[in-house]
Amino acid sequence: MTGPPPTETQAPDDAEVVAQSLEQPELFARLYDRYSADIHRYVTRRLGDGMADDITADTFLTAFRIRGRYDLTRTNARPWLYGIAGNLIGKQRRTEVRALKALARTGHDPVAASWVEETESRVAAQGPLAGALAALPAADRHVLLLVAWADLTYQEVAEALDIPVGTVRSRLNRARRKVRAALGADPAFVSDAAEVA
């Protein structure tokens, strides 16, 4: 870490926080303060409010335990944390798929009800989308939701999942095509600027 120490107005980047936390473990709390709300919101959308607290806590506990392996050339720890959260969500895959299938079948979304007020028409409209998401392979669904719900860039998704950017693009393209087809859209007439970029 070169350069002057951060001033009061310039907070240390995430890599500096991780590096400093190796000697002063309490500093790792800065990452929790920066990202816990985002991680919690993402987990809530995937698994519901009941599991979000535990998965969020486990994400930061795991990150703390393995912080010595963090790549200090990455100044943003957000993708790394989403990758850890994704692995923990993956262990709950059956719960997620079961909730998506229930929404597709009944139009009632207990997951969404735990994090946002929904009108009946919006929940009913989500049924087919939930069915399409449940039908996706886990790897494709994970990439799609990291982009759509966590607002990660392709590069950040690649870092989070430790896969090449090209794999992110192909999984995302495949997931979008399958979702569109499941929703009755003609893929020949639906284009996405992000896919061509």
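Predicted model: local features only at pLDDT ≥ 70, side-chain atom pairs only at ≥ 80, totals over all residues.

Trainee: At what angle do the axes of α2 and α3 cross?
Mentor: Roughly 140 degrees. The two axes come within 8 Å. Helix α2 covers residues 29-47, and helix α3 covers residues 49-65.

Trainee: Is the crossing of α2 and α3 right-handed or left-handed?
Mentor: Right-handed.

Trainee: Which residues of α2 and α3 meet?
Mentor: From α2, look at L31, Y32, Y35, S36, I39, H40, V43, T44 and L47. They meet D49, M51, A52, D53, I55, T56, T59 and F60 of α3. By class, the contact has ten nonpolar, five polar and two charged residues.

Trainee: Back up a bit. How many helices and strands does the chain have?
Mentor: Eleven helices and zero strands. The pattern along the sequence is α-α-α-α-α-α-α-α-α-α-α.

Trainee: And what share of the chain is buried?
Mentor: 41% of the 197 residues count as buried.

Trainee: Let's move to α1. Why do you call α1 largely enclosed?
Mentor: Because seven of the ten residues of α1 are buried, the rest of the structure largely encloses it. The buried ones are D14, A15, E16, V17, V18, A19 and S21.

Trainee: What covers the buried residues of α1?
Mentor: The cover includes α2 and α4, the latter being residues 78-90.

Trainee: What happens at the start of α1?
Mentor: Look at D13 there. One of its side-chain oxygens reaches to within 3.0 Å of the backbone nitrogen of A15.

Trainee: Then D14 in α1. Is D14 buried or exposed?
Mentor: Buried. D14 has a relative accessible area of 3%, and the cut-off for buried is under 20%.

Trainee: What does the D14 side chain make a polar contact with?
Mentor: The side chain of R34, at 2.5 Å. Leaving aside neighbours within four places in sequence, D14 is in contact with L31, R34, Y35, T75, N76, A77 and R78.

Trainee: Where is A15?
Mentor: Also look in helix α1 for A15. A15 is buried, at 6% relative accessible area.

Trainee: Which residues does A15 touch beyond four places in sequence?
Mentor: Y70, L72, R74 and T75. Then take D71. A15 and D71 are 56 residues apart in sequence, yet their C-alpha atoms are 7.7 Å apart in space.

Trainee: New topic. How are α9 and α10 arranged?
Mentor: They are roughly perpendicular to each other. The angle is about 105 degrees, and the axes are 8 Å apart. Helix α9 is residues 154-161, and helix α10 is residues 165-182.

Trainee: Which residues of α9 meet α10?
Mentor: Y154, Q155, V157 and A158. On the α10 side they meet V165, V168, R169, L172 and R176. That contact has six nonpolar, one polar and two charged residues.

Trainee: I spotted a histidine, H142. Where does H142 lie?
Mentor: In helix α8, residues 138-148. H142 is buried, with a relative accessible area of 10%.

Trainee: What is H142 in contact with, sequence neighbours aside?
Mentor: Y42, R46, G86 and L161. That leaves out residues within four places in sequence.

Trainee: Last topic, backbone angles. What is the phi of D151?
Mentor: Positive, about 55 degrees, although D151 is not a glycine. Most residues other than glycine have a negative phi.

Trainee: Where is D151, and is D151 buried or exposed?
Mentor: D151 is in the loop between α8 and α9. At 58% relative accessibility, D151 counts as exposed.

Trainee: And what is the phi of D162?
Mentor: Near 55 degrees, a positive value in a residue other than glycine. D162 sits in the loop between α9 and α10. D162 counts as exposed, at 69% relative accessibility.

Definitions and conventions. Residues numbered from 1 in each chain as written. Heavy atoms only, no water. Axes fitted to C-alpha atoms, helices over the stretch in contact; angles between N-to-C directions. Helix = DSSP H or I, 4+ residues; strand = E, 2+ residues; numbered from the N terminus. Left-handed = near helix turned anticlockwise from the far one by under 90°. Contact = heavy atoms within 4.5 Å. Nonpolar A, V, L, I, M, F, W, Y, C, P; charged D, E, K, R; others polar. Buried < 20%, exposed > 50% of the residue type's maximum accessible area, 1.4 Å probe, protein only. Polar contact = N/O pair within 3.5 Å; in protein donor to acceptor, adjacent residues only side chain to side chain. Parallel < 35°, antiparallel > 145°, perpendicular 65-115°, else oblique.
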